[in-house]
Amino acid sequence: MKLLELLQPQHILLDLPETKRTAAIHRVAALLEKDEGVIQFQGFYDELLARERVEATTLGNGVAFPHARTDHVKRLVLAVGRSTAGVNFENGGENIHFIFVIGTPRRMVTEYLALVGAMARILRQDDVRGKLMAAKTPEEFLAALAEDPEAV
């Protein structure tokens, strides 16, 4: 499953106001609350936070992938929040500008690993992150991602 097949404009928040990790993760995860792929949002969110407490989900370069492998989603779901000021991920010791919240059914390990690997390679590129930071609309954000062949 490709990144652009999963990420929808309504799941992109370009002006994330929160500066604290848990509040920011909640705001981004809430974009998925009404998604048909989410069976039970509170269960998904609780597992997302539990995973975040165990180990930091920061990747470097101002990017974090809070995620949960859970029975509370029936397919891969993805939302992103962008913060120009940055969100303090104290457990990772990093100021985060892009929070990609991922929910994965437990049985979809291979698809999850492929998605995260592709996202990590794409977001490692300075020029891509620059274009994502400059995007003025969710559609521009998606267009910036679409420039990388791994996203489409």
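Guide: Two strands count as paired if DSSP finds at least two bridges between them. The model here is predicted.

Visitor: What makes β4 and β6 a pair?

Guide: The requirement is at least two bridges. Strand β4 (residues 67-70) is joined to β6 by 4 bridges, so the two are paired, and they run parallel. The bridge partner of R69 in β6 is T104.

Visitor: How do you know that β3 and β6 are paired?

Guide: There are 2 bridges between β3 (residues 63-64) and β6. Since at least two are needed, they pair, again in parallel. A64 has I99 as its bridge partner in β6.

Visitor: In which sense does β5 pair with β6, parallel or antiparallel?

Guide: Antiparallel: β5 (residues 77-89) and β6 pair over 9 bridges. V77 is bridged to G103 of β6.

Visitor: Why is β6 called mostly covered?

Guide: Buried means under 20% relative accessible area, and 10 of the 12 residues of β6 (residues 94-105) are buried, so the strand is described that way.

Visitor: Why is Y112 called buried?

Guide: Its relative accessible area is 9%, which is under 20%, so Y112 is buried. Y112 lies in helix α4 (residues 109-123). Beyond its neighbours within four places in sequence, Y112 is in contact with H67, L76, I102 and T104.

Visitor: What covers the buried residues of α3?

Guide: The cover includes α2 (21-29), β4, β5 and β6. Among the buried residues of α3 (residues 41-54) are F41, F44, L48 and E52.

Visitor: Why is the contact between E18 and R27 called a salt bridge?

Guide: The cut-off is 4 Å from nitrogen to oxygen; the N to O distance for E18 and R27 is 2.9 Å, so they qualify. E18 is buried at 15% relative accessible area, whereas R27 is partly exposed at 36%.

Visitor: What makes R51 and E55 a salt bridge?

Guide: Their N to O distance is 3.9 Å, which is within 4 Å, so the pair counts. R51, at 25%, and E55, at 48%, are both partly exposed, because each value lies between 20% and 50%.

Visitor: How do you know that E147 and K131 form a salt bridge?

Guide: The N to O distance is 2.5 Å, within the 4 Å limit, so the pair is a salt bridge. The pair links distant parts of the chain: K131 is in helix α5 (residues 126-134) and E147 is in the segment after α6 (138-146), 16 residues apart. K131 has 38% relative accessibility and therefore counts as partly exposed.

How values were computed
Residues are numbered from 1 along each chain as its sequence is written. This is a predicted model: local features need pLDDT of at least 70, side-chain atom pairs count only at pLDDT 80 or more; totals for chains, interfaces and linings use all residues. Side-chain values use heavy atoms; hydrogens and water are left out. Buried means under 20% relative accessible area, exposed over 50%, partly exposed in between (1.4 Å probe, protein chains only). Contact means heavy atoms within 4.5 Å. A salt bridge is a side-chain nitrogen of Lys or Arg within 4 Å of a carboxyl oxygen of Asp or Glu.
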